Amino acid sequence: MDEKEKDLNENLDLNNDVTEANDDTLEEKDGVKYETNDNWVFDAEAPTLNNDMFEGLTDGKAGAPVKANEPTVSKAKPDSNKIVINKEPLKFIPLAIFLAAVITVLIVLGVRYYTVPNGKEGDLANPAGIAYTVDDTNVSVGLYNLYFSSVAGQYESYAAYGYYDLNTADDYTTQYTTDDDGNEISWFDLFKKETDEQVKMYIAYSNAAKKEGITLSQAQKDIINEQVESFKSTASEKGMSLNEYIQSVFGDYCTIDTIKLYLEQYYLTVNYKGVVAADFRPTDEEISKYYDEHKQDYYQINFSYLACSYDSSSDEAKAESEKTIKDYMSKITDRKSILSLVPTAYKDYIDRDVQSAMEQDSALSEEEARKNAIETYESNVDGLIYSSESPFGEEINNWLFDENQPTGTVKYYVNEETGYAYIILKTEQPSLVDDETYTVRHILITPESDDESQTDSSTGSTTYTDEQWAEAEKKANSILEQYNSGEKTEASFAALAEENSADSGSLSVGSMDSYGGLCEGVTLGSMVSEFEDWAIDDSRKYGDVGIVKSQFGYHIMFFINDKPSYESQIIVNMRNEKLNEIIESAEYKTHNSAISRADKSYLENKKAANAESATTDSNG
């Protein structure tokens, strides 16, 4: 399957249910050999595509400039009527004193103190090593490079799967895409823009966490230590010092202390947002008012569509593509007519799928393989989008969600960047997203397995003994008793979940950017029946707690609400607006000279890496 076919398959899935030398202080030789681990990755989602702090940290250099307005100095208008005597000496003496002071400082501290980053963090960083200041917190060039690596690496990872038209072996300053506002922007400038946003967000939130007395959990500290040991192991295997290896991966002036600080800021951010969520309870009146002001954002629409290749390489190619589109549109009247066009519109892709299927299964006939391939593409002619999304641009979005536009009408959208055109049939009118959802917190206590436990290799489920189940139940009751004897708040329950729950996906140490066992806006059928039956019981009210047993263990439950989907989303949006106030109120300063240095270093390092890779490829 080539990249274009892979891109088509991904796009079809719209249906239903997303150079200066480093300072010597950076060298570290411990002389210790560690266990090999070349496959380390951070276990958390992209805060940039889905808010992930960790995903995308892959081998590469980092650094990017951020534009900022230089300070200006106003010049007073001279008074032509004022008599000035002996003017020149009066100007010279202060200047001489100033220069003498500067020379003295340079003699004492050295020129490098103001021109070359020392690669240290916090109060130990020198002026040349400060890229940003957020409130009173300095962000080092090394830390900035690490944030940049996270952003760039995430896009590079998705580009490898065909999601983005990004050539990772080419200069990012000469490749272009569009930003959220539809403006053309180089990939490099996009990385800089998102890095700027990431730095401000995580520093602002982690600072807010410190002010509130929020700290890291022991589990989070353990994960940070594990990551440090993983870096040590990999560096040792590669025959490099720890900081030398880290810089080779994440950019100049990045050290193990930078990695630790980066992880601490991430976890403090998750904890702060989690605590805010536990305390945030808008009233029904506030939710209703918010809906009235933003009701257009909570509608969805189903439609049917056909995708076809679009060649924009020349005017002649465009004209031919437009001709094909118009031909298809003239034959589309309803969903059934779109299905009839599938074998023709997707012929090349179906042929390839047939060949691939027969190569994998020699017993499969061509007729059966073709039937299966056609059915696969037929199952992808239906799409669902929300009014807050615009995958086909603003014009198509407005048409789809305009109730005055009749069903049965057809329009098309061209994405020249991906090389596809989408012929869209409006099959219904927009509707409010009001499916039932519920929100709870839970603490999962699983039985402890031993030699007597049996695991089914086909399903992954484990069978426990009666004694193991009894111990798990005893522990669950003990935790519930601990909750009931304490403050009995949602925040205190969340804290207990962080300490005790086996469901890492709903904790800060998991990969879902969650906290405190939170399961928010859950649609019916997503959880096991025992869990769900308790959550949607009509008698439930906020703050109810209880224990239910499922195949996974004992769930200590905390009920929050049972609401239609759009109201659950409104609560999330209102909470995010409250959180954004923290970012917007932060004082933010960019240190242009340090950013420019990081920018130059990144581009030079990437150019060298690309040249080395090209040489390696040419040599076979």
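Cysteine 308 sits buried, with a relative accessible area of 7%, where buried means under 20%, exposed over 50% and partly exposed in between (1.4 Å probe, protein chains only). Cysteine 254 is buried too, at 0%. As for disulfides (pairs of cysteine sulfur atoms within 2.5 Å), a search of the whole structure turns up 0.

The model is a predicted one, so local features need pLDDT of at least 70 and side-chain atom pairs count only at pLDDT 80 or more, while totals for chains, interfaces and linings use all residues. Numbering runs from 1 along each chain as its sequence is written, and side-chain values use heavy atoms, with hydrogens and water left out.

Two residues other than glycine show a positive phi. One is aspartate 135, at about 55°, found in the loop between β1 (130-134) and β2 (137-140); strands are DSSP runs of E, at least two residues, and helices are runs of H or I, at least four, numbered from the N terminus. Aspartate 135 is partly exposed, with a relative accessible area of 28%. Lysine 488 also has a phi near 55°, and its place is the loop between α15 (466-484) and α16 (490-500). Its relative accessibility of 48% makes lysine 488 partly exposed.

On the surface, Glu436, Glu530, Asp533, Asp537, Asp538 and Asp562 gather in a patch of negative charge. Such patches take residues with over 30% relative accessible area and no salt bridge, joining like charges within 9 Å; a salt bridge is a side-chain nitrogen of Lys or Arg within 4 Å of a carboxyl oxygen of Asp or Glu. Within this group, aspartate 533 belongs to helix α17 (residues 529-535).

Conventions. Patch = residues over 30% accessible without salt bridge, like charges linked within 9 Å, V, L, I, M, F, W, Y side chains within 5 Å. Areas by Shrake-Rupley, 256 points an atom, 1.4 Å probe, with all protein chains shown as cover. Lys, Arg positive; Asp, Glu negative; His and termini not counted. Charge placed at Lys NZ, Arg CZ, Asp CG, Glu CD.
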